[in-house]
Amino acid sequence: MSEEKKKLSLIAFSGDFDKLTAVFTLATGAAAVGYQVNIFFTFWGLDAIKQKKGRSFIGGNFLTKIFGFMMGGLHVTPTSRFNFWGLGPKIFRYLMRKNNVATLEELVEAAVALGVNLYACEMAMHVLGLKQSDFIHEVKDTLGVATFLEISEGGRTMFI
Amino acid sequence: MSEEKKKLSLIAFSGDFDKLTAVFTLATGAAAVGYQVNIFFTFWGLDAIKQKKGRSFIGGNFLTKIFGFMMGGLHVTPTSRFNFWGLGPKIFRYLMRKNNVATLEELVEAAVALGVNLYACEMAMHVLGLKQSDFIHEVKDTLGVATFLEISEGGRTMFI
Amino acid sequence: MSEEKKKLSLIAFSGDFDKLTAVFTLATGAAAVGYQVNIFFTFWGLDAIKQKKGRSFIGGNFLTKIFGFMMGGLHVTPTSRFNFWGLGPKIFRYLMRKNNVATLEELVEAAVALGVNLYACEMAMHVLGLKQSDFIHEVKDTLGVATFLEISEGGRTMFI
């Protein structure tokens, strides 16, 4: 037990720019000091791992295509407060660059470089009509709850 | 310690359809693989365990009656994103049925069947003017923070 | 290990009145039964530890000043649901007083009195242009993720 790496697991449920920033800040911060980090993307959080294509009508049927369009990927995510039709995230990006804080896109890249494990939630993919090929190839696997609980056992788990 | 059941405890704060779906998906998934699961419903989350009466003016005084009306129970909960005046949850329910994913109501039933422990937060009940008799009878008890921390000790706890 | 105090650590990300109430209810409840409690304020949650000055244009430049104004401190925080342009928190405060439940401001005082450790997130302070002198003096320190993970190691951590 004492030989094992410490673990931090995050359930990334939210698709908000600021909450996703929190997910990746925690993930990269923990990975940098030696934690095994697992992120389990579900519901709106799946937006963070979509391939950069902008808004597009992916998904199997009419309704999931609509969701596919509305959830347009990382660079069009809103902030949970003060979004102002997309101005909020732009201001954040500007402030982050200006203050030498890594932007969300840079944090995602850093997480991948630091070996953070990215997983997608099977159930949410079914509901939203998403396939693993819609995600960036760094996504390791699609999981159900039971497997996620097993992987994250013995460490802390947060729901964001 | 190794003899004891693993524990998963969830604080269900949100009354959003999608977040409550996450609560019950985690709860049933964990219970199915042998975890002891405790859900502590507080604030808007109390909506999930109200008796199915639809919107009604329960609660002791004028203001709590208003809350009682606005929080109309599980089947009128909104989604945290793309709610569109109640269309969001309807679309989700449709997609869940279509894709053979359990709907929220089915998940609640499954949780009860799997022996998930449901608790209500005493403090939030005081604020919102709710009594235990307003809830489904599967709710085991009303608790304060100290008792909840004791029950959930030794396992993971997430705030949703 | 058995000699050590139990630990509860909370990442206070949200600036919503009701979620901050949850943060401080958990914190004071846990501290009252002997837990070591750490709260790490980040993003909108930083609003909870600002000095009581009301809305003011603190922050280094034009954009952060705007954020400084919009995040006007504890007594102007909105509720996550049914805010109605600030009426929501007023109703909650009224219901809490009426039902002898501690109000948010009383909970913050109680947390300080019970020795709850308050920390501010370094990164979010950079982004929002806040300095430690903008916070109440009970805030112990400003931390990065790595230090927070170290402090909170060995106990439960929740993201609120």
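1. Chain A and chain B together bury about 2,600 Å², and 75% of this area lies on carbon and sulfur atoms. Within chain A, the residues A:Trp44, A:Leu149 and A:Phe159 supply 23% of the area that chain A buries against chain B, more than any other three residues. The model under review is a predicted one, and the remarks below should be read accordingly.

2. The contact between these two chains involves 27 residues of chain A and 29 residues of chain B. One salt bridge is found across the interface of chain A and chain B. The salt bridge joins the side chains of B:Arg156 and A:Glu153, with an N to O distance of 3.2 Å. Six residue pairs, both members at pLDDT 80 or more, are in polar contact between chain A and chain B. On the side of chain A that touches chain B, at least two residues each come from helix 2 (62-70), helix 5 (122-128), helix 6 (145-152) and strand 5 (156-159) of chain A.

3. Chain C and chain A bury about 2,500 Å² between them, with 76% of it on carbon and sulfur atoms. On the chain C side, C:Trp44, C:Leu149 and C:Phe159 lose the most area to chain A, and together they account for 24% of what that side buries. Chain C contributes 27 residues to the contact, and chain A contributes 29 residues.

4. Which residues form the salt bridge between chain C and chain A? A:Arg156 pairs with C:Glu153, the closest N and O atoms lying 3.2 Å apart. Helix 2 (62-70), helix 5 (122-128), helix 6 (145-152) and strand 5 (156-159) of chain C are the elements that give two or more residues to the side of chain C that touches chain A.

5. Over all chains, the count comes to nine salt bridges. One of the pairs within a chain is A:Asp47 with A:Lys50, whose closest N and O atoms are 3.3 Å apart. Both A:Asp47 and A:Lys50 are buried.

6. In chain B, B:Lys131 forms a salt bridge with B:Asp134, and the closest N and O atoms are 4.0 Å apart. B:Asp134 counts as buried because its relative accessibility is 7%, whereas B:Lys131 counts as partly exposed because its value is 48%. In chain C, the side chains of C:Asp134 and C:Lys131 meet in a salt bridge at 3.9 Å, N to O. C:Asp134 has 7% relative accessibility and therefore counts as buried, while C:Lys131, with a relative accessible area of 49%, is partly exposed.

7. Strand 2 of chain C pairs with strand 1 (residues 7-12) of chain C in the parallel sense over six bridges, and C:Val37 in strand 2 is the bridge partner of C:Leu8.

Notes:
Residues are numbered from 1 along each chain as its sequence is written. Chains are lettered from A and ligands numbered from 1 in the order in which they are written. This is a predicted model: local features need pLDDT of at least 70, side-chain atom pairs count only at pLDDT 80 or more; totals for chains, interfaces and linings use all residues. Side-chain values use heavy atoms; hydrogens and water are left out. Two strands pair if DSSP finds at least two bridges between them. Helices (H or I, at least four residues) and strands (E, at least two) are DSSP runs, numbered from the N terminus. Contact means heavy atoms within 4.5 Å. Buried area is the accessible area (1.4 Å probe) that two parts lose on being put together, summed over both. A polar contact is a pair of N or O atoms within 3.5 Å; within protein, one must be able to donate a hydrogen and the other to accept it, and residues adjacent in sequence count only if both atoms are side-chain atoms. Buried means under 20% relative accessible area, exposed over 50%, partly exposed in between (1.4 Å probe, protein chains only).
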